Amino acid sequence: MSKASEQIRQFHSTGSFGSRENLVTQSRIVTDVYRVLADEDIEHLVSDVLSGDENGGDYLTCLSCLHPGCLTPFHERLLNAEIFYPGLIYFGASDAVALRLATLIESEDAKLSRNHLLLCLAWAGNQEAQAAFRKWRTEKPESVSYTHLTLPTNRE
């Protein structure tokens, strides 16, 4: 484990930084660390996420925002592990990943995670994602049921 990935783990597992000034200082330091991570460090953090690390969502969010594109090689693994939150981790996903996300959205099994899947697909933003959203504008997926709201009638 490198010093950089250890710094990141330490930062995210710290419950209190004592003061606002210390929090700001530590946040700046770890932001700089995220921006220059080596591929090996990114691999270790993603492995931690896949192993169920409780700070995994924080790692993925920071990696996505502070080291754009670094998660692209891991999209298939994240998808296979059914990690769909936060959706922005799928920014720049390949057409193949977007097609799998769209297929999952249309599946009956996706009821509980459909919102997260839709966000993932939106963040992918590629041609497959756009095609899926265009298709759904005109024809709803068969497995998606909509609850129709009925307005109360005016009773006097």
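Helix 1 (residues 3-13) packs against helix 3 (residues 39-50) at an angle of about 40 degrees, and their axes are 9 Å apart; axes here are lines fitted to C-alpha atoms, for helices over the stretch in contact, with angles running from 0 to 180 degrees between N-to-C directions. Helices (H or I, at least four residues) are DSSP runs numbered from the N terminus. The structure is a predicted model, in which local features need pLDDT of at least 70 and side-chain atom pairs count only at pLDDT 80 or more, whereas totals for chains, interfaces and linings use all residues. Residues are numbered from 1 along each chain as its sequence is written, and side-chain values use heavy atoms, with hydrogens and water left out.

The crossing of helix 1 and helix 3 is right-handed (the near helix is turned clockwise from the far one by less than a right angle). Ala4, Ser5, Ile8 and Arg9 of helix 1 make the contact with Asp41, His44, Leu45 and Asp48 of helix 3, contact meaning heavy atoms within 4.5 Å. These residues comprise three nonpolar, two polar and three charged, where Ala, Val, Leu, Ile, Met, Phe, Trp, Tyr, Cys and Pro count as nonpolar, Asp, Glu, Lys and Arg as charged, and the others, Gly among them, as polar.

Helix 3 also packs with helix 4 (residues 56-66), at an angle of about 145 degrees and with the axes 8 Å apart, and this crossing is left-handed. Ile42, Leu45, Asp48 and Val49 in helix 3 meet Gly56, Tyr59, Leu60 and Leu63 in helix 4, a contact with six nonpolar, one polar and one charged residues.

One cavity of 30 Å³ or more is present, a cavity being a set of points on a 1 Å grid over the protein atoms alone where a 1.4 Å probe fits but cannot get out, with lining residues having an atom within 4 Å of a point. The largest cavity holds about 60 Å³ of space, and its lining includes Ser64, Cys70, His75 and Phe91.

In the loop between helix 5 (75-80) and helix 6 (95-106) lies Pro86, and the peptide bond from Tyr85 to Pro86 is cis, with omega near -5 degrees. Glu82, found in the loop between helix 5 and helix 6, has a positive phi of about 55 degrees although it is not a glycine.

The mean pLDDT of the chain is 89, with 90% of its residues reaching 70 or more; pLDDT is the predictor's confidence in each residue, from 0 to 100. Over residues 147-151 pLDDT stays under 50, and the model has zero contacts beyond four places in sequence for them. Where pLDDT is low, the predicted coordinates should not be read in detail.

Key. Helices (H or I, at least four residues) and strands (E, at least two) are DSSP runs, numbered from the N terminus. On a 1 Å grid over the protein atoms alone, a cavity is a set of points where a 1.4 Å probe fits but cannot get out, and a pocket is an open set with protein on both sides within 12 Å along at least five of seven lines; lining residues have an atom within 4 Å of a point. Grid points are joined across faces, edges and corners, and a volume is the space filled by probe spheres set on the points.
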